[in-house]
Amino acid sequence: MVSFPDAVKMFFARYTDFQGRSRRSEYWWVQLFNFLVMVVGMVLAGVLGSIGASSDGPGPLAYLVFIVLVLYALAVLIPGIALTVRRLHDVNITGWILLAALIPFIGSLVGIAVFVISLIPGTVGPNKYGSDPKNPGMAADTFV
């Protein structure tokens, strides 16, 4: 199992790596990390929003935090897609199905499918996308 700090390090180290496979633990630790960053940012914006706030809306520090959160979301967009593609590769599914998410209505179904797929274990042993991240030295089974 990949630890929380290792998963976050791998996420940023493999910034644009759409090749290979990623384990469930790596995928979900990164999802938790991004969720926590957003929650902490929103709480910080709420707290700082009261400083200098007027009847028109939140204070200027809240807007600054929102800008930082938007920049963070943009910065992790490509690596997030890359991680999702690698997670799909782990269960021997092509990452190109993510393009279907751009189609209205079908995109919702793809999102649900990707969520379900991200919960299931990866292919045991090597598959067409690389070696098993759990057991990298495992030989391929020729009868599967």
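In H1, Phe4, Ala7, Val8, Met10, Phe11 and Phe12 meet Glu26, Trp29, Val30, Leu32, Phe33 and Asn34 of H2. Sorted by class, the residues of this H1–H2 contact come out as 10 nonpolar, one polar and one charged. All of this is read from a predicted model. Two packed helices are described by the angle between their axes and the distance between the axes. For H1 and H2, the axes come within 8 Å and cross at roughly 90 degrees. An angle from 65 to 115 degrees counts as roughly perpendicular, so H1 is put down as roughly perpendicular to H2.

H2 (residues 24–49) also packs against H5 (residues 106–119), here at an angle of about 125 degrees and with the axes 9 Å apart. That angle makes H2 oblique to H5. On the H2 side, the contact is made by Arg24, Tyr27 and Trp28, and on the H5 side by Phe115, Ser118 and Leu119. The tally for this H2–H5 contact is four nonpolar residues, one polar and one charged.

Next comes H3, which runs over residues 60–75.

Ala62, Val65, Leu69 and Tyr72 are the buried residues to look at in H3. They cover an arc of only 80 degrees around the axis, so they lie on the same side of H3. The general rule behind such a pattern is that an α-helix has 3.6 residues a turn, so residues three or four places apart point the same way. Among what covers the buried residues of H3 are helix H1 (4–13) and H2. The other side of H3 carries Pro60, Ile67, Leu71 and Leu74, which are exposed.

Tyrosine 63 also belongs to helix H3. Is tyrosine 63 buried, partly exposed or exposed? Its relative accessibility is 47%; since buried means under 20% and exposed over 50%, tyrosine 63 counts as partly exposed. In sequence, tyrosine 63 is 18 residues from alanine 45, while in space the two are 7.5 Å apart, C-alpha to C-alpha.

Note on methods: Residues are numbered from 1 along each chain as its sequence is written. This is a predicted model: local features need pLDDT of at least 70, side-chain atom pairs count only at pLDDT 80 or more; totals for chains, interfaces and linings use all residues. Side-chain values use heavy atoms; hydrogens and water are left out. Axes are lines fitted to C-alpha atoms, for helices over the stretch in contact, and angles run from 0 to 180 degrees between N-to-C directions. Helices (H or I, at least four residues) and strands (E, at least two) are DSSP runs, numbered from the N terminus. Angles under 35 degrees count as roughly parallel, over 145 as roughly antiparallel, 65 to 115 as roughly perpendicular and the rest as oblique. Contact means heavy atoms within 4.5 Å. Ala, Val, Leu, Ile, Met, Phe, Trp, Tyr, Cys and Pro count as nonpolar, Asp, Glu, Lys and Arg as charged, and the others, Gly among them, as polar. The expected span of a helix is 1.5 Å times one less than its number of residues. Buried means under 20% relative accessible area, exposed over 50%, partly exposed in between (1.4 Å probe, protein chains only). The arc is that of the directions from the helix axis to the C-beta atoms.
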